[in-house]
Structure formats: structure tokens, C-alpha cells
Amino acid sequence: MITFEDVTKRYRDGTVAVADLSLEVPTGAITVFVGPSGCGKTTSLRMINRMIDATSGRITLDGQDVREIDPPTLRRGIGYVIQQAGLFPHRKIVDNVATVPYLLGWSKRKARARAMDLLELVGLDPGLAGRYPFQLSGGQQQRVGVARALAADPPVLLMDEPFSAVDPIVRASLQDELLRLQSELRKTIVFVTHDIDEAVKLGDTVAVMRVGGRLAQMAGPATLLTE
Ligand code: ADP
Ligand code: ADP
């Protein structure tokens, strides 16, 4: 479980991006942070893997303050997927996904085999593994981004608007794919989006944020709809 306990983030220029945020992200479920642009969703996500630190309050992962876990260890347990996939442009698709296994000291053969398994898991045509990122569509690149985030088999996955840059039909199939994957993998997923329909479709729990970085409500998707 991940907890936010009275978390506030004030940037150096005085902007309060997140204010007194307290909530629980249950293990093995998808928690969606939804709200308009600028309401502090990305800031909240980045405080979990310590790309940025909270100004006050604390965030815990399985009971431990994330600031007490050394960043490499913390990040090994947390996969991160962003909007434009963030692939290494000069590496083949298979090597993009195999990067983490290489870093973990796996042999080249084993790392590549792992990468091919992951690409199959996310539904990418294995024939694309030898291509470079620019040769793939946006939706295909996002699948690779998800495969790469899963490479070290992290229990936690942070996803920051991962499907927002692709067209609606591809987006729907990526969402379906994520739900299918999750039914197998049962990761603890924090998913950020500004799209309420996406939040309702994917979230086991939905945290609605409003500008100023405050939590407006947190509920299951069905409850949210009836309000
Ligand atoms: P901090 O170390 O306080 O977390 P950062 O190093 O993330 O701040 O950012 C440094 C500076 O970059 C900020 O003080 C701000 O002026 C500027 N900045 C970066 N991103 C944004 C943004 N989205 N909106 C406004 N200012 C930004
Ligand atoms: P969201 O992900 O919901 O769009 P963000 O977490 O990116 O929101 O930003 C929340 C608020 O903090 C916004 O007002 C944004 O401009 C501001 N902000 C983000 N990064 C910085 C930064 N490095 N320095 C100053 N302000 C920032």
C-alpha cells in the first residue's frame, strides 16, 4: 500500500502544486488521479518515486517513508510510464525493453528473451522488435513503454497520461489491454489522467483532484457516476 499523509508540495517559485493531500493507494489495484490540467497530478506521482520531494507530510510505501529508501532501490520497485513513451531513439525496440534487465546484470541473450516475452505480453507484433522507435506508431510506442516499465517486474506502476497522445480508437484498445494485463499481474497502479471517462473505465478507485492540489473526492467508479 502507498499512503499520502498530509502531503504538500510548494515549488521554489511559491506555487503550491499539492496541498494537504491524504489518501491511500491499495495494493494490487488501479487508483486513478483525475482532474484538470495543473491540479497537481504529475507532482503527486513524482513524489512517490522521489523525482521530487514533498515540502511537508510524508509518503509511505508498504509502511516505510519513501525518503528512507535509497532512490535506486525505490525505483527498481516502481515502473514509470509517461505520455510520449520516452524510448531511447537510437536503440532497437527489443533493446529498449532489455535495458533494465541488462542493468540488472542479465546476460544479453537472457535479457533479450525477457524483452521478447514482455513485448508479447503487451500485445506488440514481435516482428517490430528489430525496429527503431521512430518506425512505430504512437500506440505501438506506448505498448513498448509499458513493456519497459514492467521489465524488472516492479510491484508498483506509475502511469502519467500514458494514452493521452494517441487517437481515441487506439486509446480504447490500450485501455482494454491494460485491464487485461492487470487481471493477470495485479500490480499496484497509480494512473494519472485528465479524462474522467478513462478514470471511470480503469480505476478501481478514483481520486478527483481540483486546482490547488486538493482532493475533492475519492470513490469507486460506480459511486462517482451517481453523484
Ligand atoms: P523545485 O526544486 O522547487 O522542485 P524544479 O527544480 O522542479 O523546482 O523547477 C525549477 C524551476 O523551474 C521552478 O522554480 C519554476 O520556476 C520552473 N518551472 C518548471 N516547471 C514549471 C511549470 N510547469 N510551471 C511553472 N514553472 C515551472
Ligand atoms: P497536473 O499534472 O495535474 O497537470 P502538475 O503537477 O504538473 O499538474 O502541476 C501542478 C501545479 O504546479 C501547476 O500550477 C504547475 O504549473 C505547477 N508546477 C509544476 N511543476 C512546477 C515547477 N517545477 N515549478 C513551479 N511550478 C510547477
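**Sheet, helices and enclosed space in a predicted model**

Strand S1, covering residues 2–10, and strand S4, covering residues 56–61, pair up in the antiparallel sense, with five bridges between them. The model is a predicted one, and this pairing is a handy place to start.

Zooming out, S1 and S4 belong to an open sheet of four strands, ordered S2-S1-S4-S5, with antiparallel pairing. The edges are taken by strand S2 (16–25) and strand S5 (64–65), each of which pairs on one side only. On the S5 side, S4 and S5 are joined in the antiparallel sense over two bridges, and Thr-60 stands opposite Asp-65 of S5. These two strands make a hairpin with two residues between them. Asp-62 lies in that turn and has a positive phi of about 45 degrees.

Helix H1, residues 41–48, lies across S1, S2 and S4, and runs at about 120 degrees to S1. H1 is mostly covered, with six of its eight residues buried. The buried residues are Lys-41, Thr-43, Ser-44, Leu-45, Met-47 and Ile-48. H1 is followed by Arg-50, which has a positive phi, near 65 degrees.

The volume of the second largest cavity is about 50 Å³.

In total, the structure holds three cavities of 30 Å³ or more. The largest cavity contains about 70 Å³ of space. Its lining consists of Val-122, Arg-143, Val-146, Phe-163, Leu-174, Glu-177, Leu-178 and Leu-181. H5 and helix H6 (168–185) each supply at least two residues of this lining, and the largest share, four residues, comes from H6. Six of the lining residues are nonpolar, none is polar and two are charged.

One residue of that lining, Leu-174, is also touched by Gln-142, a residue of helix H5. Gln-142 counts as buried because its relative accessible area is 2%, under the 20% cut-off. Leaving out residues up to four places away in sequence, Gln-142 touches a run of residues made up of Val-81, Ile-82, Gln-83, Gln-84 and Ala-85, and beyond these Pro-162, Val-166 and Leu-174.

Open space is a separate matter. The largest pocket holds about 550 Å³ and is lined by 23 residues. Those nearest its centre are Arg-75, Ile-78, Gly-79, Tyr-80 and Val-100. Several elements contribute: helix H2 (71–76), strand S6 (78–81), helix H3 (93–103) and helix H5 (138–149) each supply at least two lining residues. S6 gives the largest share, four residues. Sorted by class, the lining of the largest pocket comes out as 15 nonpolar, five polar and three charged residues.

Last, there is a loop residue worth a look. Leu-128 lies in the loop between helix H4 (108–121) and H5. Leu-128 is classed as buried because its relative accessible area is 7%, which is again under 20%. Setting aside neighbours within four places in sequence, Leu-128 is in contact with Ile-93, Leu-136 and Gln-140. As for Lys-92, its C-alpha atom is separated from that of Leu-128 by 9.1 Å, with the two residues 36 apart along the chain.

Technical notes:
Residues are numbered from 1 along each chain as its sequence is written. Chains are lettered from A and ligands numbered from 1 in the order in which they are written. This is a predicted model: local features need pLDDT of at least 70, side-chain atom pairs count only at pLDDT 80 or more; totals for chains, interfaces and linings use all residues. Side-chain values use heavy atoms; hydrogens and water are left out. Two strands pair if DSSP finds at least two bridges between them. Contact means heavy atoms within 4.5 Å. Axes are lines fitted to C-alpha atoms, for helices over the stretch in contact, and angles run from 0 to 180 degrees between N-to-C directions. On a 1 Å grid over the protein atoms alone, a cavity is a set of points where a 1.4 Å probe fits but cannot get out, and a pocket is an open set with protein on both sides within 12 Å along at least five of seven lines; lining residues have an atom within 4 Å of a point. Grid points are joined across faces, edges and corners, and a volume is the space filled by probe spheres set on the points. Ala, Val, Leu, Ile, Met, Phe, Trp, Tyr, Cys and Pro count as nonpolar, Asp, Glu, Lys and Arg as charged, and the others, Gly among them, as polar. Buried means under 20% relative accessible area, exposed over 50%, partly exposed in between (1.4 Å probe, protein chains only).
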